[in-house]
Amino acid sequence: MPPPKGLAILIGAGPAAGAGIARTLAHPSHGNYALALLSRNADNLTTLAKSLRSSAPGSTIETFPTDTSPPKLSAAFSAIRSHPSFAGLKLRVAVYSIKNASVKPFEEETFEQYMESMQVFAGGAMAFSQEVVKMLFEHHGRTPLAEGGGHKGTIIFTGTMGALRTNAKFASYGGSRAAVRSLAQAVAKEYSPLGIHGAHVIANGAIKDEDTEATQSGKSMSADAVGKTYLFLAEQDPTLYTFELDIRPAQEKF
C-alpha cells in the first residue's frame with residue numbers, strides 16, 4: 001500500500017456529497033490523500049469516518065469536530081498540524097462544503113438572522129480560506145510560479161445556483177452563497193500567480209451516496225461522481241486552472 005501523497009482537508013463532511021468527496025480523496029486507488037474531516041457534529045463525524053475506512057481500506061482519515069468560527073477553526077488547524085497521522089505530509093487540497101438551508105419569507109427574517117447566516121457561511125469561508133492559505137505557504141513557501149515556485153495546492157468551494165441567482169424566500173441563502181462565490185473568485189485571482197488554485201463548484205441538483213435507478217438514469221448525482229469531479233479539480237496544475245464548474249444530473253432542467 002503506497003503512503004499518502006499529501007494532506008487533504010474537508011469541512012462540511014456530510015453523508016451525501018461530503019462522503020463521496022472524502023472517499024475519493026482518501027481512497028488509495030484514487031486520490032490517496034491523508035484526510036482531515038471537519039464538521040460540527042462529533043458523532044456524525046465518527047460514523048462517517050468509520051464508513052469511509054470500511055469502503056476505502058488502507059486510507060488515513062482523522063476527524064476534527066469544529067464549527068466555522070475563527071477560534072474553533074484555528075484550533076482545528078493546530079490539531080491537524082500536530083496530529084501524528086499527518087506527520088511529514090504537505091497540504092495539497094482543501095474543500096469548503098458548508099450547507100445553508102435557510103428558507104424564510106423576507107418580512108419574517110430578522111436582521112440578526114440574516115447576519116448570522118452571513119457570518120456562519122460566508123464568514124466561515126473567509127476564516128477557513130485564511131487558515132488554508134497560511135498552511136499552504138508554511139508547507140510550500142511563497143515563491144511565485146514565475147520564479148519557479150510551482151503548484152502548491154487547491155481550495156475548492158462548494159456552491160449552488162443560489163450563488164448566481166436567488167429566489168423568493170431565499171434572501172439569506174442567496175446572500176451567503178453569492179458572498180462565498182465572490183470570496184472564492186478573489187482568492188483565486190490573488191493566489192493563482194503564487195501556485196494556489198481556487199475553484200468554485202455550482203452543485204445544482206440532488207446528490208445521493210448510493211447506486212440506484214435515480215443516479216444511473218441521471219435523476220440525481222451520485223456522490224462518487226461528485227468526488228471524482230473534485231479530484232479532477234484538485235489535481236490540475238498551473239498549465240490550466242478551472243475556476244468554476246456547474247455540475248448537475250442529466251435530467252435536471254436548466
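Seven strands form an open sheet in the order β3-β2-β1-β4-β5-β6-β9, with parallel pairing. β3 (61-65) and β9 (244-247) stand at the edges with a single partner strand each, so one side of each has no neighbour in the sheet. From one strand to the next the twist averages 15°. The model is predicted.

**Strand pairing**

- β1 (7-11) is joined to β4 by five bridges, and the two strands run parallel.
- In that pair, Ile-11 stands opposite Tyr-96 of β4.
- β4 (91-96) and β5 (153-159) run parallel and are joined by four bridges.
- Tyr-96 stands opposite Phe-157 in β5, and Tyr-96 is also the residue of β4 that Ile-11 stands opposite.
- β5 and β6 also run parallel, with seven bridges between them.
- Within this pair, Ile-155 has Gly-198 of β6 opposite.

- β6 is mostly covered, with eight of its eight residues buried.
- In a regular strand, side chains alternate between the two faces of the sheet.
- Both faces of β6 are covered: one side carries Ile-196, Gly-198, His-200 and Ile-202, the other His-197, Ala-199, Val-201 and Ala-203, and all are buried.
- Ala-199 of β6 is buried, with a relative accessible area of 0%.
- Leaving aside neighbours within four places in sequence, Ala-199 is in contact with Ile-155, Ile-156, Phe-157, Leu-233, Thr-242 and Phe-243.
- The C-alpha atom of Ala-199 is separated by 8.1 Å from that of Tyr-241, 42 residues apart along the chain.

- Helix α7 (residues 223-234) lies across β4, β5, β6 and β9.
- α7 runs at about 140° to β5.

**Contact of α1 with α2**

- α1 (17-26) and helix α2 (residues 42-55) pack at an angle of about 45°, with their axes 10 Å apart.
- This angle makes α1 oblique to α2.
- The crossing of the two helices, α1 and α2, is right-handed.
- Ala-19, Ala-22 and Arg-23 of α1 make the contact with Leu-48, Leu-52 and Ser-55 of α2.
- These contact residues divide into four nonpolar, one polar and one charged.
- α1 is mostly covered: ten of its ten residues are buried.
- The buried residues of α1 include Ala-19, Ala-22 and Arg-23, which α1 contributes to the contact with α2.
- Other buried residues of α1 include Gly-18, Gly-20, Ile-21, Thr-24 and Leu-25.

**Loop residues**

- Asn-32 has a positive phi of about 60° although this residue is not a glycine.
- The place of Asn-32 is in the loop between α1 and β2 (34-39).
- Asn-32 is buried, with a relative accessible area of 10%.
- Lys-169 likewise has a positive phi, of about 75°, and is not a glycine.
- Lys-169 lies in the loop between β5 and α5 (171-191).
- Lys-169 is partly exposed, with a relative accessible area of 49%, whereas Asn-32 is buried.
- Asn-204 is found in the loop between β6 and β7 (207-208).
- Asn-204 is buried, with a relative accessible area of 17%; the cut-off for buried is under 20%.
- Not counting residues up to four places away in sequence, Asn-204 touches Met-161, Met-221, Ile-247, Arg-248, Pro-249 and Glu-252.

Conventions: Residues are numbered from 1 along each chain as its sequence is written. This is a predicted model: local features need pLDDT of at least 70, side-chain atom pairs count only at pLDDT 80 or more; totals for chains, interfaces and linings use all residues. Side-chain values use heavy atoms; hydrogens and water are left out. Buried means under 20% relative accessible area, exposed over 50%, partly exposed in between (1.4 Å probe, protein chains only). Axes are lines fitted to C-alpha atoms, for helices over the stretch in contact, and angles run from 0 to 180 degrees between N-to-C directions. Angles under 35 degrees count as roughly parallel, over 145 as roughly antiparallel, 65 to 115 as roughly perpendicular and the rest as oblique. A crossing is left-handed if the near helix is turned anticlockwise from the far one by less than a right angle, and right-handed if clockwise. Contact means heavy atoms within 4.5 Å. Ala, Val, Leu, Ile, Met, Phe, Trp, Tyr, Cys and Pro count as nonpolar, Asp, Glu, Lys and Arg as charged, and the others, Gly among them, as polar. Two strands pair if DSSP finds at least two bridges between them.
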